[in-house]
Amino acid sequence: MSTPPPVHERESYIGQSVVRPQTARLLAGRGVYTDDVRLPRMTHVAFLRSPHAHARIRALDVTAARALPGVVAVVTGEEIARVCDGWVGTLAHFAGMKSAKQFPLALGRATWQGEPVAAVVAETRALAEDGVASVRVEWEPLPAVTDAETALDPATPVIHPELGDNLAFALDVVAGDVARAFAEADLVVRETFLTGRHTGVTLEPRTILADFDPAERRLTVYHSFQAPHMMQDILARHLRLPEHDVRVICKDVGGSFGIKVHIYPDEMATCALAVLLGRPVKFVADRLESFQSDIHARDHRVTAELAVRRDGTFVGMRLDDLTGIGPYSVYPRTSAVEGNQIARLAPGVYKLRDYAAAVRVVLQNKTPMCQYRAVGHPIAFAVMEGMVDLAARELGLDPVEVRRRNLITADMYPCTAPTGYFFERLSHEEALDKILEMSEYARLCEERDRLRARRVYRGLGLCMFIELTTPGPAFYGIGGARISSQDGCTLKLEPTGKVVCLTGVTEQGQGTDTIIAQVVATALGVRLEDVRVLTGDTMVTPYGGGTWASRGAGIGGEAALLSGKALRQGILRVAAAILACEPEDLDLRASRIVDALTGEVRLDLPELGRIAYFRPDTLPKDFQAELAVTRHYVPRHQGFAFTNGVQLSHVEVDVETGFVRLLKHWVVEDCGRIINPRLVDEQLRGAIVQGIGAALWEHCVYDAEGQLLTGTMMDYLVPLAAETPEIVVGHVETPTAYSEGGFKGAGEAGTAGAPGAVLNAVNDALAPLAARVTTQPITPEVVLRALGKLP
Amino acid sequence: MKPAPFVYHRPASLPDALALLERYGAEGRVLAGGQSLVPALNMRLATPGALIDINRIPGLDEIRLGAEGLVLGALARLDAVERSPLVAAHAPLIAQALPHVAHLAVRTRSTVGGGIAHADPAAELPACLVALGGTVRALSRRGSREIGAAEFFRGVCTTALGPGEVLTAVVVPRLAPGWRSRFDELARRHGDYALVALAAHARVADGTLAEARLVLAGVGATPVRAARAEAALAGRRMDAAALDAAARALAEELDPPSDVHASAALRRHLAGVLLRRAVRGLLEA
Amino acid sequence: MDTTVAIELAVNGTPVGRRVEPRLCLADFLRYDLELTGTHVGCEHGVCGACTVRVDGALVRACLMLAVQADGCRVETIEGVSGTGEVSDLQQAFAEANALQCGFCTPGMLLTAHEILQREPGADPARIRLALSGNYCRCTGYQAIVDAVHRVGGARGRETR
Ligand SMILES: Cc1cc2nc3c(=O)[nH]c(=O)nc-3n(C[C@H](O)[C@H](O)[C@H](O)COP(=O)(O)OP(=O)(O)OC[C@H]3O[C@@H](n4cnc5c(N)ncnc54)[C@H](O)[C@@H]3O)c2cc1C
Ligand code: FES
Ligand code: FES
């Protein structure tokens, strides 16, 4: 064997667009999503769901259903409640928050159309649905609370009498002296923005397969989910099982976006049924169920007032937010976070010291709302940036200039926003400069002006934003929710010299496992192909929070980095023992032990593994090899690692039809140190398109009785390829100094800024016609009404 | 979302199909492309006792130019119709309309007969057939008959087909000299059902629309022929005033529905926009 | 009472015989009876395209066709076309462009993309977007998919020239 050439440098995979290894499997149709898992004696459950928004269950007759062939069991709310304890979706740090106790199946009363009421378990899903069709329910419809605006009126029925009223949570954020600021302003602009309720529409619906072994009393759950450890904890507590007897496994997940991180009554019921029946029970939400039961989000009415000086300087702002969240606050994250974040994020880009926001979160008889990708951000920045453009227009100033005048500038960091958020270092000015240059903004403005003369109405809309990523324990932990903000990473050097990595963060297509492998390979000094990453199994991976709030890179990545460094020390110790030298004389580069000075290859990892595992007798007697390590990381120095960016939307409005055509979209984003540029770009693009969907199409529409009118994919419109624009992505890189890796998150930035950009672009296009829109989705109806062409 | 149980038959001939339809009566349902029926089965909106799958009946998928005009067999798939040179040459209106219908993998299965018999008020094909003055051929144990397209559509998903009757073909008269077609629609996303669609077929002479047949989809329970607008256009020089008058006539004669996708007012407004665009398009073509 | 119907078909080139309930759709038949789980189900009403397969060479929605209707037919799924290598260039281009995230839409996307390029090898990005618009992808925002398909279209064109 010829001697390998010396290796002089450790290769860094950080910053490289490596291809995700696991795509090969997905591309060949060999992914394993939860519905692809099949177990012996497996049964299927279908749920009878309430057809009414609010109704008393006078009688429930399941005899006919029980008698059907293939039906294994028909179970009611009372029966499930005997094995599964209810829950209340509140957090202690949301002072005064209240919600009613919720159970897997409705008890006595259904509070939204789609609430599960009874469960039919059968040999196949079709047979279970036959069973559902033959359950007889005597309903007594009750008045439904649907309009958030009147939910608190004395005349409106109280959904949960024990709560006293329909107010789930109220919040006042006050900073500085707003009254004085408004009194001193040259101009106050005021506007009300409506954001339509929408939902996540993961292409793979929510799916869960629960397998209870009555002999050992152990529950194994296969779950299409983002946070397996959180689910393990909750299942154990509510099903009264020891936590270590509950195992949650997340195989491939077909999209999540924050939809698959909440506790759903039907999923809890499925697990309870497995316990009751001692057989595996599978639940796959069909698409009709998804629209009625996946969490909704973003149903907000925000009124904002911005006080400005003549030169465009912002002096104060007021914001009033009203949101209706459905009949229950969702467990365990609560449905108050969205409003809270709108209030706190909105002024975050600018030097605004005098600020006041009021948030009211009310109950209503619609599908429960909770956190969906970019929680609160898209509303906060559509409102804020809408106000900025409005002020600029009223003052006759350039919207770019007005932004520049008010941005928090580079010299001000670190700083704390009046709403309490801490900003280590953001790059607003750089990002703004970059997007203007990348998009040839000045040329586009000229073109826009030229085309106006020909009655072609194009518009440009900017939206600056910050994104809350990498949250520490102050987010949920202090509120009493057992949602881990720390994550662990275990690394093991196998006898073959390959590395196995177990991480607490999870993968739903973002490429988390790839970036973790990149970090590990870099920190260790091994080739990327020598690292295998496993996620999503509570029995196997270190305890962790999973995926939410863009925490995979910032927390999971840092834990991987620390773990990689630790294993590297362990490996070098073993190598030194083998080679009878000091660990400091050696280095690990490209999966080889080399002489630290010359790069000469001294040992390869399979040989090291062979000796450590099979021939330790050849090593000094007092030496023990340690080739597995676990390291944890939790951000402690700041509550969140904020990121920032700006988006620009270019649209053309057909003022005859009211249709908006998206011509192109740009984003410049700063997520700290970039691990894999292509993956970040694609996170941004995907997230932007979800934001665009919200701006133009997506809407859960209800009638006055609380019936969902957009319950199919024909009626709930998500963006398709033909209507989606080209998206150009640029970056600024401002690593956080609080962690060694400098990573922050990038999963939600696209969604945070896209709706605001589109809204501003449409308004820019309509400006010469003296029309403005403030409602999302911006349907043809909304545009034509603004133009006065429709009543 | 699984269908309720049903019995399945796959007759090999039309007489067999008719016999089965008679046998099952109201419980029996013809299955053609299945692109409307199967979603309804999956959602249990339709729960027929028996499906009579006509897909294997030979000869029903013809696309042929006969003496009577262009014959599109009940089982002609929309994808085949869209790509047929005969259709492009003799029924350009239909060729223009089909790319708006759903998506490729739906058009490969969807049939002409299903599209007409299903009679969705927002569907493109029924509007085209009415605009072109086509006829529907139906067959039952009582014999065959031809039904004019205008009389065929009776209401939302309701047609003149009687119990036990199968649609076997539609016939589109040969394109007469001087006639031009223009199909246009407004849908929120490509491939969605139209908010409003306009199938316009007109004889152009001396820079005017000498005769016009304007049929809209999405604005009523059936394809809606805009007789007043047609009259307002006929033979007129199309200046701004004439266009306005036609659009006004159209707005007055339409009584569109409101639903989650569009209000009646929006549909009425959009119909006017399509009208103006169609007139310009027809005259410029 | 046995309400099942016997069917025989060729799936990915292999003859298959089974008895099925008439109400069983082709997608569920492939997934549950044959354990070909690469065909995904996202809506069961024909809209999302995740279940797209080929029947007798034609692209169809497997959620809108009954398994009994595939009796006597040639059915090809993502597993089949992966095995024959006929979409390997697309698969590679998808991987390189990261034209998939969760991968749930991917099998249907690949089959549709292949059909588009068969029909219109020189399709430009705008045409590709139109033709792909019957396939939902909630993760990628489509651009990477369109780029990958466009690149493969170009490469295939060069090869055949
Ligand atoms: C995602 C999606 C989008 C769609 N978008 C559009 C669109 O934009 N525009 C549009 O027009 N359509 C659209 N469709 C509908 C589609 O093209 C339908 O398939 C078509 O209208 C019905 O044709 P079919 O052959 O599939 O009929 P089937 O679904 O088989 O049957 C429909 C009805 O017609 C009856 N029927 C069928 N054939 C006959 C016959 N020969 N004699 C008597 N009765 C018969 C059936 O009993 C049934 O009641 C869409 C469908 C899908 C799934
Ligand atoms: S599952 Fe067939 S199209 Fe969605
Ligand atoms: S990659 Fe997730 S839906 Fe397309």
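A: Buried area is the accessible area, with a 1.4 Å probe, that two parts lose on being put together, summed over both. In this predicted model, the area buried between chain C and chain B comes to about 2400 Å², and carbon and sulfur atoms give 55% of that area. Chain C brings 27 residues to the contact, and chain B brings 32 residues. On the chain C side, C:Arg23, C:Leu64 and C:Arg119 lose the most area to chain B; together they account for 27% of what that side buries.

The fold of chain C comes next. Chain C contains six helices and five strands, and from the N terminus on its elements follow the order β-β-α-β-β-β-α-α-α-α-α. The radius of gyration of chain C is 16 Å, close to the 15 Å that the globule rule gives for 161 residues, so chain C is as compact as a globular protein of that length. The C-alpha trace of chain C spans about 55 × 35 × 20 Å along its principal axes.

Of the 161 residues in chain C, 67% are buried, with buried meaning under 20% relative accessible area. Among the contacts in chain C with a separation of 6 or more, 55% come from residues 24 or more positions apart.

How values were computed. Residues are numbered from 1 along each chain as its sequence is written. Chains are lettered from A and ligands numbered from 1 in the order in which they are written. This is a predicted model: local features need pLDDT of at least 70, side-chain atom pairs count only at pLDDT 80 or more; totals for chains, interfaces and linings use all residues. Side-chain values use heavy atoms; hydrogens and water are left out. Helices (H or I, at least four residues) and strands (E, at least two) are DSSP runs, numbered from the N terminus. The radius of gyration is taken over C-alpha atoms; the globule rule is 2.2 Å times the number of residues to the power 0.38. Buried means under 20% relative accessible area, exposed over 50%, partly exposed in between (1.4 Å probe, protein chains only). Contact means heavy atoms within 4.5 Å.
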